[in-house]
Each structure stands twice: as structure tokens, then as C-alpha cells.
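Here is a quick tour of a protein model, written for someone who likes to look at the atoms while reading. Have the viewer open and follow along.

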Amino acid sequence: MTLDSQAVCRNIEPISREIVEPGGRWSGRLETGQRLRIVDVEGQQAVDFLCYSAELPLDRLNVPNTVKLNRSLYVTEGCTLYSDRARKMFSVIKDTCGFHDTLAGCCSIEMDLLRYGVRKKTSCRTNFVAELAKWSMSPSDIVSNINFFMRVKFDDAGQVEIAPGVSKAGDYVVLKAEMPVIAMLSNCPQDSNPSAGFQPTSICVEVLPPLADEGTAT
Ligand SMILES: [Zn+2]
């Protein structure tokens with residue numbers, strides 16, 4: 001952890017706080033009302049994110065449901081993340097970045113070889129596989145994910161482009177659990193496209209207690 005990382009991670013008595021290095025991974029269970037804060041410590045990072053009902057893991061993040069019900073291809077403050085059964089999983093209660101991707105999914109060793117001709121040893125997919133095993137889940141539990149801080153542009157013709165991220169150092173997003181949920185993320189190691197600024201950096205992940213007052217600033 002760098003001094004800068006420690007400075008950005010300041011907060012009031014989180015339940016847990018962890019620096020996740022580039023290419024690292026994290027998962028944890030949150031109870032209803034607890035909050036997950038993800039900090040892009042140095043800016044322009046990409047964080048691949050999945051979540052599962054802690055009580056019924058088969059009911060998991062459904063990105064198309066999330067897009068349809070929020071009527072937005074970008075996830076940001078005010079949005080809700082929905083499950084396969086259209087249940088509320090997380091509410092985005094704070095977002096200092098403004099753009100989080102729903103289109104591009106996660107990187108994988110196979111896709112990196114196909115797209116860039118490079119054989120890598122890690123990817124967000126391998127991270128998800130490893131992290132899912134902790135919760136007795138398997139690769140078949142990987143579904144389309146959300147990419148926090150990642151910028152994917154699209155136009156009226158349907159052209160899609162991975163663009164440099166717009167997140168600044170210290171930008172963060174806060175998700176409030178709307179059910180008991182297992183959250184899982186991969187701090188993307190991608191250095192062959194601009195999704196993580198060609199130079200992946202650390203993030204900070206905090207689990208915070210429920211707000212005493214729902215109207216209190218995060
Ligand atoms: Zn990745």
C-alpha cells in the first residue's frame with residue numbers, strides 16, 4: 001500500500017478495508033443496509049464486479065434487467081442493480097465518477113490472445129473463477145458483469161469503443177446492499193487497451209455499516 005492509498009482510504013470505522021493491487025481480487029458478504037465503497041485510488045482503473053444473493057446464489061446480478069429497469073446503459077448514482085428475479089441487490093447511493101460500464105464484460109486469457117496476440121496468466125475471468133470457488137460456486141456462475149470506472153462509448157450506429165477512463169484519483173462509488181449479498185470484484189489487470197489506462201493501479205474496497213440516517217451524506 002502506498003501512502004497515497006492510505007490517505008484515500010480514510011473513513012470512519014469501516015467493517016473492513018482492503019487495498020486490492022492491480023490484478024487482485026476481492027469478495028465479501030454484506031447484510032442488508034451495509035455499504036460497499038470502491039475507491040479508484042489513482043484514477044483510470046477498471047473494476048469488474050459481480051454479485052449474488054447470499055441466500056440463493058442462483059439469483060444473481062442481471063445486467064440486462066439492470067439496464068432496462070434503470071433505462072440507462074451507464075450505471076451511476078440513483079441506479080439500482082437488479083437480479084435475475086428482478087430483486088433489488090444494490091442501490092448506487094454515491095458516485096463521484098458518473099460512468100460505469102454495462103457492455104464490455106470481463107477480460108479473459110482467451111480474449112486477450114484473440115484480440116492482442118498476447119498470452120497472459122491472469123485476467124478478470126480467472127480472478128472470478130478463483131473467487132467464486134471460495135463460495136462453492138463455479139465458472140458457470142460467471143455472468144455479464146458491471147465495470148466500475150470503465151468507459152465504454154457507443155454511438156447511434158451501434159459502434160462500441162473501449163475509451164480511456166474518466167475517473168480521477170480518489171473517485172469512488174458507494175453501493176448499499178438491498179438484500180444479503182455476496183459481492184465480488186476483480187481489479188482489472190488489462191494493459192493492452194485503455195480500460196485501465198494501460199497501467200493498472202490499486203483500488204481500495206471498504207465495507208461500511210448501515211447509515212444511521214438515510215439522508216446523511218456518504
Ligand atoms: Zn479485466
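Predicted model: local features only at pLDDT ≥ 70, side-chain atom pairs only at ≥ 80, totals over all residues.

What follows goes from the overall build to the metal site and then to a few individual residues.

## Ground rules

Residues are numbered from 1 along each chain as its sequence is written, and side-chain values use heavy atoms, with hydrogens and water left out.

## Overall build

The protein has 4 helices and 12 strands; these are DSSP runs numbered from the N terminus, with helices being H or I of at least four residues and strands being E of at least two. Its radius of gyration is 16 Å, close to the 17 Å from the globule rule for 218 residues, so the protein is as compact as a globular protein of that length. (That radius is taken over C-alpha atoms, and the rule is 2.2 Å times the number of residues to the power 0.38.) Along the principal axes, the C-alpha atoms fill a box of roughly 50 × 40 × 40 Å.

Of the 218 residues, 51% count as buried; buried means under 20% relative accessible area, exposed means over 50%, and partly exposed is in between, with a 1.4 Å probe and protein chains only.

## The zinc site

Which protein atoms are the donors of the zinc ion? They are the SG atoms of Cys-107, Cys-124 and Cys-188, at 2.2 to 2.3 Å from the metal. Donors here are N, O and S atoms within 2.8 Å of the metal (3.2 Å for Na, K and Ca), and since water is not among the atoms, sites may look incomplete. Along the chain, the spacing reads C-x16-C-x63-C. Cys-107 sits in the loop between E6 and H3 and Cys-124 in helix H4 (residues 124-133), so this pair ties together parts that are 17 residues apart in sequence.

Both of these cysteines are tucked away: Cys-107 is buried at 6% relative accessibility, and Cys-124 is buried at 0%.

## Around Arg-115

Arg-115 is found in helix H3 and is partly exposed, at 34% relative accessible area. Val-181 is another matter: Arg-115 and Val-181 are 66 residues apart in sequence and 34 Å apart in space, C-alpha to C-alpha.

## Two positive phi angles

Ala-86 has a phi near 60°, positive in a residue other than glycine. Ala-86 is in the loop between strand E5 (80-82) and E6, and is partly exposed at 44% relative accessibility.

Phe-149 also has a positive phi, about 70°, although it is not a glycine. Is Phe-149 buried or exposed? Phe-149 is buried, with a relative accessible area of 1%, and it lies in the loop between strand E7 (146-148) and strand E8 (151-154).
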